[in-house]
Amino acid sequence: MATGARPFLLLALWALARPARSPGEEGDGGWRRREPAAPAVVVEEERCTVERRADLSYAEFVQHYAFSRPVILQGLTDNAKFRALCSRERLLASFADSMVRLSTANTYSYQKVDLPFQEYVEQMLHPQDPFSMGNDTLYFFGDNNFTEWASLFQHYSPPPFGLLGTTPAYSFGIAGAGSGVPFHWHGPGFSEVIYGRKRWFLYPPEKTPEFHPNKTTLAWLRDTYPALAPSARPLECTIQAGEVLYFPDRWWHATLNLDISVFISTFLS
């Protein structure tokens with residue numbers, strides 16, 4: 001058996017063996033209720049290599065992380081109300097007929113497709129096909145209509161850390177298990193998981209990762225990641241609901257949703 005295939009087989013066996021859970025049992029906001037016992041697509045990393053910090057001061061943030069390395073922030077804000085508003089039932093009640101703009105999951109060339117939010121939620125939040133290319137994979141992240149979604153975003157409390165000379169901008173999204181964005185870079189920012197889990201892979205600016213811009217992150221994890229030498233592997237960690245990842249300017253990063261995930265990023269530009 002190929003080395004890269006073994007984790008997927010083990011995960012499938014684990015998923016089939018675990019007992020089904022009732023809807024909402026894990027506080028998932030109703031996002032996993034249709035497939036309570038469906039096998040997950042991928043697992044969390046063996047060891048998180050991004051530091052987690054609780055009660056981090058702004059001075060420490062600037063000195064140790066803002067310009068040099070990623071960090072996972074815990075307990076800096078209370079977004080319980082925003083989380084409640086992001087349940088499947090409440091988002092559909094508020095925004096079912098709203099148009100959302102989907103993007104293709106490739107690195108350089110994003111095709112855009114518009115469709116009603118309810119249609120996206122009910123028809124397109126299936127697990128990622130491991131063999132689909134990025135330009136054939138659509139999901140909802142960014143490109144938000146801030147006027148139409150203002151009633152939701154006004155309840156979000158972003159991380160309290162800013163950077164001089166930057167202006168924060170939100171990017172809200174919902175995506176199926178196994179979906180994600182392949183490696184790319186831009187300015188610094190924060191990304192918070194509201195429901196689900198999101199696995200991150202990060203390289204510093206001077207270390208360009210090996211990847212194909214039109215292959216999904218899931219395909220990269222299957223085909224490229226297992227062959228990487230330990231020294232060539234990225235920093236990586238799975239961000240849990242309620243946690244916030246900060247990434248500095250120009251850091252390469254790729255993401256992979258381990259469940260149906262609801263998330264919001266605050267970009268500093």
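Modeller: Gladly! Keep in mind that this is a predicted model. Let's begin with strand S8, whose side chains point two ways: Arg197, Arg199, Phe201 and Tyr203 go one way, while Lys198, Trp200 and Leu202 go the other.

Colleague: Are those residues of S8 buried or exposed?

Modeller: All of them are buried, whichever way they point from S8. The word buried stands for a relative accessible area under 20%. In S8, residues 197-203, that holds for 7 of the 7 residues, so the strand is largely enclosed by the rest of the structure.

Colleague: Which strands does S8 pair with?

Modeller: Look for bridges between strands. S8 pairs with S9 in the antiparallel sense, over 6 bridges. S8 is also joined by 6 bridges to strand S11 (residues 252-257), and these two run antiparallel as well. To find your way on screen, pick out Leu202, whose bridge partner in S9 is Leu235. Then pick out Trp200, which stands opposite Thr255 in S11.

Colleague: Now a helix, please. Which residues of H4 are buried?

Modeller: Helix H4 covers residues 88-95, and its buried residues are Arg88, Leu91, Leu92 and Phe95.

Colleague: My last topic is disulfides. How many does a search of the whole structure find?

Modeller: First the general idea: a disulfide is a covalent bond between the sulfur atoms of two cysteines. Searching the whole structure here gives 1 disulfide. Cys48 and Cys237 form it, with their sulfur atoms 2.1 Å apart. The angle about the S-S bond is -110°, and the link of Cys48 and Cys237 is left-handed.

Colleague: Where do Cys48 and Cys237 lie?

Modeller: Cys48 is in the loop between helix H1 (6-17) and strand S1 (52-54), whereas Cys237 is in strand S9 (residues 235-240), so the pair ties together parts that are 189 residues apart in sequence. Their surroundings are worth a look too. Cys48 is partly exposed, at a relative accessible area of 25%, and Cys237 is buried, at 1%.

Notes:
Residues numbered from 1 in each chain as written. Predicted model: local features only at pLDDT ≥ 70, side-chain atom pairs only at ≥ 80, totals over all residues. Heavy atoms only, no water. Buried < 20%, exposed > 50% of the residue type's maximum accessible area, 1.4 Å probe, protein only. Helix = DSSP H or I, 4+ residues; strand = E, 2+ residues; numbered from the N terminus. Disulfide = S-S within 2.5 Å. Pairing = 2+ DSSP bridges.
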